There are 2 protein chains.
Amino acid sequence: MLNKESPLPMYYQIEEDLKRKIESGIYNYGEAIPSERELSETYEVSRMTVRQAILNMVRNRILYREKGRGTFVAEEKFEQPLQGVTSFSEDMKRRGLTPHNELLIFERQDPDETTKDLLQLKEEEVYYLKRIRYADDEPMAIEETFIPVHLFPELDADRLEGVSFYEYIETKTAHSIERARQTIEAGTAVFEEARPLSIEEGDAILRIERIGYLSTGVPFERNTSIYRSDRYKFISDMQREK
Amino acid sequence: MLNKESPLPMYYQIEEDLKRKIESGIYNYGEAIPSERELSETYEVSRMTVRQAILNMVRNRILYREKGRGTFVAEEKFEQPLQGVTSFSEDMKRRGLTPHNELLIFERQDPDETTKDLLQLKEEEVYYLKRIRYADDEPMAIEETFIPVHLFPELDADRLEGVSFYEYIETKTAHSIERARQTIEAGTAVFEEARPLSIEEGDAILRIERIGYLSTGVPFERNTSIYRSDRYKFISDMQREK
DNA sequence: CACTAAAATTGGTATAGACAACTATATACG
DNA sequence: CGTATATAGTTGTCTATACCAATTTTAGTG
């Protein structure tokens with residue numbers, strides 16, 4: 001069942017096995033899984049190890065527990081929470097659409113005061129990207145991105161062509177994305193915005209301003225987007241704070 | 001230091017003590033706190049107990065850890081993440097504004113198909129509330145709320161007057177709020193919307209549709225809000241999924 | 001049959017110790 | 001002086017056990 005020699009920790013292997021059993025219907029939604037003590041016997045590990053696996057899954061909403069009653073499989077619809085920071089490409093794919101970009105500008109520049117402030121920069125240069133974002137060949141958003149050069153010195157236009165920038169960071173660099181803060185407001189399109197989005201002047205648009213942070217806490221991008229609102233809804237899943 | 005007789009678990013008392021020491025500057029932002037072994041000696045508990053306290057604080061972004069290096073105090077600005085599901089009242093207070101309501105409609109009714117679907121109802125009645133939401137005596141939003149009667153049978157208009165509905169649920173009932181899903185889109189105000197918000201027809205507005213869920217997974221409210229966008233920005237903090 | 005008390009089961013907290021994986025520092029060697 | 005190498009310190013994983021608190025189940029009693 002489990003591989004004691006594997007470099008993967010036991011609790012992780014247990015998590016994977018429980019997930020598999022949930023997906024294959026061995027444990028059903030809303031029903032209880034075996035108790036900690038039972039699982040520790042079947043997996044031949046200590047109860048605390050089983051516990052670590054279960055508590056991780058509770059944090060990920062795959063399970064929930066009730067003292068004195070047991071541990072239960074959470075409802076299916078919460079299995080893959082749609083919360084989370086995503087790039088445009090990831091967002092569109094999740095919605096079943098095919099994203100692509102039209103790169104209008106890619107250059108290095110000295111950031112303006114707002115950008116310096118938001119990205120906590122002093123004199124460092126930033127990449128400036130301006131792109132039109134398409135989903136299924138329809139224009140969806142105009143996006144401007146500012147990225148500190150010193151964080152990704154090897155970045156160039158080619159690298160941003162095929163793959164999502166977020167994916168690039170997480171697979172090709174040592175950095176990892178942790179969180180983002182967004183402000184969202186409504187507005188009406190002016191002519192220069194309406195034209196590339198194929199909408200009319202005065203039509204409703206969403207303005208989204210995002211600051212992305214690495215796991216070190218360092219801000220790595222400022223992203224200002226204008227979405228046409230006839231084709232795009234912002235979806236957000238939030239948890240209640242305790 | 002710690003009270004072994006207290007009904008509060010040791011790990012919780014340790015968390016509180018560490019938070020206090022961070023706030024009072026005994027441990028500074030970015031610097032390491034004592035190691036698990038040191039803490040387990042000073043608090044006179046086992047290392048695993050210290051560990052439970054620390055891991056909780058890591059989840060809450062108060063601390064972060066690096067294997068082989070130590071445990072560090074996270075940057076100040078992430079101490080109180082603004083993420084989380086909030087009611088209008090809570091949201092406004094957090095922004096330093098004073099909220100109040102004008103209750104236009106409060107009645108029981110048979111829900112329409114959309115509401116029945118979103119709240120997973122069959123034939124149950126719902127409360128229907130229509131309110132104008134004010135912040136510092138300026139109209140901010142028009143809000144319609146649908147709440148299943150059977151979840152809160154004792155609800156009436158008085159109970160929603162002074163206190164936030166979310167606060168009411170968490171303090172006066174056995175239910176607890178867990179999460180919410182929101183969709184946000186931009187639009188332009190029609191006459192009936194513009195009038196109570198003191199804006200002009202055609203001005204930009206944010207339409208927010210929210211479904212709130214209890215910790216049991218049961219949806220407890222459908223909330224449809226129209227915010228004027230000249231005075232309101234939606235703020236959202238999100239974490240990257242792993 | 002209905003109610004109550006006891007027992008069993010479950011998750012929650014806590015202990016004491018062991019080894020592994022990783023990091024930084026001091027030390028010895030070329 | 002620079003470079004390996006040991007070593008001490010850190011977090012990460014895991015064991016085996018114990019008792020507590022909440023809930024459910026069972027047995028007993030009237």
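How far apart do the C-alpha centres of domain 1 and domain 2 of chain A lie?

1. They lie 39 Å apart. The domain assignment, automatic or from a database, gives domain 1 as 10-78 and domain 2 as 88-228 in chain A.

2. Some ground rules. This is a predicted model, where local features need pLDDT of at least 70, side-chain atom pairs count only at pLDDT 80 or more, and totals for chains, interfaces and linings use all residues. Residues are numbered from 1 along each chain as its sequence is written, chains are lettered from A and ligands numbered from 1 in the order written, and side-chain values use heavy atoms, leaving out hydrogens and water.

3. On to the two copies. The same surface serves both copies, as 100% of the contact residues of chain B recur in chain A (contact: heavy atoms within 4.5 Å).

4. Now the sheet. It is open and antiparallel, with 7 strands in the order S10(A)-S7(B)-S8(B)-S9(B)-S6(B)-S5(B)-S4(B). Strands are DSSP runs (E, at least two residues), numbered from the N terminus, and two of them pair if DSSP finds at least two bridges between them. S10 (234-239) of chain A and S4 (99-109) of chain B stand at the edges with a single partner strand each, so one side of each has no neighbour in the sheet.

5. Inside that sheet, 10 bridges join S5 (126-135) to S6 (138-148) in chain B. Lys130(B) stands opposite Glu144(B) in S6(B).

Technical notes:
Helices (H or I, at least four residues) and strands (E, at least two) are DSSP runs, numbered from the N terminus.
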